[in-house]
Amino acid sequence: MIKSIPYSKQKIDSSDIDAVRQTLTSDFITQGPKVEEFERALAHYCGAKYVVAVANGTAALHLAALASGLKKGDQAITSPITFLATANAVLYSGAEVVFADIDYDTVNIDPKSIRKLISKKTKAILPVDFAGLPAKAEEIYKIAKSNGLVIIEDASHALGARYRGNKVGSCKHSDMSVFSFHPVKHITTGEGGCITTNSKKYYEKLKALRSHGVYRTDHIQRKQGPWYYEMKELGFNYRITDFQCALGMSQLKKIDEFISKRIEIAQKYNESFSELKEYLKLPAQEIDGEKHVWHLYLLRLNLKNSASVRRKLFEYLKSNGINPQVHYIPIFRQPFYKRILNGRKNHCPNAERYYDEVMSLPIFPTMSEGEFQKTVSTVKRFLTQKL
Ligand SMILES: *Cc1c(COP(=O)(O)O)cnc(C)c1O
């Protein structure tokens, strides 16, 4: 059977394998020195003071929601066009999720829509740097600060992106930023994630919550004995292992190469599709002067019957050995969310319209010229001959 072309995929080379092998044969395969080394490398790369590495991006969002103080009775605003984890993390904390609409062009949360939804209950905003294009961070920051809200940035798509000269994850315009190291993301640790922050208070809370809510300080150990620790709140085991962090460090060395390859593929898609402008809406390429880092390449149909054409094109690509994806079904359409929203209206016309017309085409560092040409020619053939 011929393997089909995925929408994304990790790139693992022999230096990654060597790094993992070395850690596997060392004294510590978990709770050893590699975790902190990886955290320091990420802090340096993003320009943040503190980093807490955890088991996956969802765990990172969960801990960030708890550290922010979100709880029952509170509300948090996010985009409906994101992975389920962004909204689920709010629910884990006991708070309610409120969905703001997206900007139709950038697919990022629309600050105007956030403003309309702020109530006395609102405690946090979770912007998502969708597809690798940062959200309108400065504007969202102003809204948050003038209303006393915490910003938890879901930067899972945007490691390596910049906003107004600062790296995403520097927390210049957020209280905490969250990344995922799932294999489809810019770098991978298998499963993994992290939170970046400049706040010592959040940092200490995140570290404790990662490991059962346990605190171990010199101060209390001097008083009570060297074995002593205190569980001060209900935490979890959300730890990441040392061999995953060894892989993460090895991957992080190659991030510039990974991103350049993604940018190169996106540019080639844009050039190839520019002659299909009567069918397509090409993706936004920058925000406030900063470049997209292309976690996803969004193919958007611009037709009267986009929804039915999207379905046929998706099936056509699949039957030709290309595996697109749809990112994402608006979260409020999920049966679970319908139930908990209990008829509460989500006025998100841009999210609805966007969902009907979109699919993600393959884009990943190991994508070959042949795979690229095949994808482009299959899309072109469908639009010009099969419609
Ligand atoms: C990948 C991703 C996450 C976290 O996913 P994990 O699989 O738990 O690492 C969260 N939000 C978004 C937008 C993502 O793409």
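Predicted model: local features only at pLDDT ≥ 70, side-chain atom pairs only at ≥ 80, totals over all residues.
Local features rest on pLDDT of at least 70 and side-chain atom pairs on pLDDT 80 or more, while totals for chains, interfaces and linings use all residues. Residues are numbered from 1 along each chain as its sequence is written, and side-chain values use heavy atoms, with hydrogens and water left out.

The second largest pocket holds about 370 Å³ of space. A pocket is an open set of points on a 1 Å grid over the protein atoms alone, where a 1.4 Å probe fits and protein lies on both sides within 12 Å along at least five of seven lines; lining residues have an atom within 4 Å of a point. Of the 24 residues that line the second largest pocket, F83, S180, H182, K185 and Y328 are the closest to its centre. Two or more lining residues come from each of α3 (57–67) and α4 (84–92), and α3 gives the most, with three residues. By class, this lining has eight nonpolar, 13 polar and three charged residues.

The largest pocket has a volume of about 680 Å³. Of its 21 lining residues, K207, R210, S211, V214 and R216 are the closest to the centre. At least two lining residues are supplied by each of α2 (33–46), α7 (200–210) and β10 (214–215); helices (H or I, at least four residues) and strands (E, at least two) are DSSP runs numbered from the N terminus. The most is given by α7, with five residues. The lining of the largest pocket has eight nonpolar, six polar and seven charged residues.

H157 lies in the loop between β5 (150–154) and β6 (162–163). H157 counts as buried because its relative accessibility is 5%, and buried means under 20% relative accessible area (1.4 Å probe, protein chains only). The side chain of H157 makes a polar contact with the side chain of Y328 at 3.0 Å, and it reaches the backbone nitrogen of A131 at 2.8 Å. A polar contact is a pair of N or O atoms within 3.5 Å, of which, within protein, one must be able to donate a hydrogen and the other to accept it; residues adjacent in sequence count only if both atoms are side-chain atoms. Residues up to four places away in sequence aside, H157 touches residues including D129, F130, K185, V293 and Y328, contact meaning heavy atoms within 4.5 Å.

Definitions and conventions. Points joined across faces, edges and corners; volume = space filled by probe spheres on them. Nonpolar A, V, L, I, M, F, W, Y, C, P; charged D, E, K, R; others polar. Buried < 20%, exposed > 50% of the residue type's maximum accessible area, 1.4 Å probe, protein only.
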